[in-house]
Amino acid sequence: MDDGDAADRLTRLWVANHEDVARFVARRLDAALVDDVVSETFLVAWRRLDDVPEDARPWLFGVARNVIATRSRSEGRWRALRLRIARQPVEVTRPEDEAAIDRIELEQAWLRLTAGEREVIALVAWDGLTTEQAARVLGLRASTFSVRLTRARRHLVEVLDALATRQPTPSRRP
Amino acid sequence: MHSPVMKAVVELDPARALRAPGSPNDPELAAILRTERRVPLRTRAGRPVLVSAALAVATGIALVVTSPWSTPTAFATWTRVPSQVSSVVPVGLATECEPMTRWPDDTGQLSVEVPVQPVLTEVRGDYTYVVQAGEGVWSECLATVGTTAGTWDVVQNASLTPEPLDTVLPAADGLLTLHHGTTSWTSGNAGAGALTSAFGRAGADVVAVEVALDDGTTARASVSDGWWAVWAPGELSLTGEATATLQDGSTRTATIETP
């Protein structure tokens, strides 16, 4: 691939995936760092353009995840990749069964999951990846990812059930 | 994603409202395209220090790379083969490698305590590495003797696990990875930069594990009482390839995954 073709391809990747990568990073880092990490991610893509697969989004997410993980390290400490949650409620129209899930309890339950559990759920629920794509982001086999997703989802339901049992009425909003 | 819970989780997404479409005219894209594409890079992904430096040059920003990841003398006394392996923590280090992990409760306060006990201790050069395990939790601790007599410089890491540690075990000839990751260590005078560690459970027939390093060499992991552990200087220095030797002398190829 000559430099002209390479520039064209990176430009196409940028246009097609910039927003998705920015969201991926924003879910995991403070807003002030998003642009830098997105640029670093696409710079890696530029340097390794021959490695970027046709289905580029999971590959780009994997690179962004490595960039984030490195930036999250600090002197003398390990830090797990942390997934943020929305600070403000989002107005949505939900069917009755989903409305039964209290947002506060859901937030509490989310925070009780491990970082690994949050990661596998977020890759599907937030980043919109299929099981196969999410597995590629984490460098796992699809079957391994599916097992982890099932466990994480089950744990989330268990925590929600426990919270609902403990505080059935007062915490629920109309 | 048919589960009501999963659909509800979507509402927690902090980036749902973010709009950041990419345009061919974005100056950030132009800055990347101005950089040299064929700069030699090491073969593994995740070299942001190099990447940052290149980007800064491209945008005319002076940058002094003071990467903690590549100190020339990093872990100079580290050895490829551990000199000691046991489940006993050296005197004085037992309290430094905290026997209690703390986790947030519903309110975010660190009030939930889960005890951990040493399951494997190994020594490489001046460095003692301790793996501890408890009910659905593990911790790791890397230490070296401090500059003051009787003190240790220590870094620690801990994580909850989705399942109790004893419920998922490898086959007799297999390895299970509980942790594989990189950190930096710059505390105290002995700070030496990045290191990559990994540990997990070893099958009953596994007596030795050799792991591949990114420089083409190998290091011997510690194996004791159904646990294995290894660490090596450098960022992402464990390639994930490993060879387990069994009691009968045969070998098995294994993969150190990133949980």
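Predicted model: local features only at pLDDT ≥ 70, side-chain atom pairs only at ≥ 80, totals over all residues.

Student: To start with, how many helices and how many strands does chain A have? Then please zoom in on the largest nonpolar core and tell me which residues touch the most other members.

Tutor: Chain A has 8 helices and 0 strands, so reading along its sequence gives you α-α-α-α-α-α-α-α. The chain runs to 174 residues, and 53% of them count as buried. Look at contacts in chain A with a separation of 6 or more, and 68% of them come from residues 24 or more positions apart.

In general, nonpolar side chains of soluble globular proteins tend to be buried together. The largest nonpolar core here holds 63 residues, and the ones touching the most other members are L10(A), V25(A), F42(A), I121(A), F145(A), L156(A) and V9(B). Helix α1 of chain A, residues 3-26, gives the most to this core, at 9 residues. Both domain 1 (3-72) and domain 2 (96-166) of chain A put in at least three residues each.

Take L156(A) as a way in. Leaving aside residues up to four places away in sequence, L156(A) touches L106(A), A109(A), W110(A), L113(A) and I121(A), and from chain B it touches V5(B) and V9(B). Two of those contacts, I121(A) and V9(B), are also on the list of residues that touch the most other core members.

Apart from this core lies another one, of 36 residues, including F75(B), W78(B), A198(B) and V209(B).

While you're in chain B, have a look at strand β9 (residues 206-213), which pairs with strand β10 (residues 218-224) in the antiparallel sense over 4 bridges. Within that pairing, E210(B) stands opposite R220(B). The two strands make a hairpin with 4 residues between them, and G216(B) in the turn has a positive phi of about 90 degrees. From there, β10(B) goes on to join strand β11 (residues 227-233) through 3 bridges, again antiparallel, with S222(B) partnered by A229(B). That hairpin has 2 residues between its strands, and D225(B) takes a positive phi near 50 degrees.

One last stop is T121(B), in strand β3 (residues 110-124) of chain B. T121(B) counts as buried because its relative accessibility is 3%, and its side chain reaches the backbone oxygen of V88(B) at 3.4 Å.

Methods: Residues numbered from 1 in each chain as written. Chains lettered and ligands numbered in written order. Heavy atoms only, no water. Buried < 20%, exposed > 50% of the residue type's maximum accessible area, 1.4 Å probe, protein only. Contact = heavy atoms within 4.5 Å. Polar contact = N/O pair within 3.5 Å; in protein donor to acceptor, adjacent residues only side chain to side chain. Core = buried A, V, L, I, M, F, W, Y, C linked by side-chain atoms within 4.5 Å. Domains from an automatic or database assignment. Pairing = 2+ DSSP bridges.
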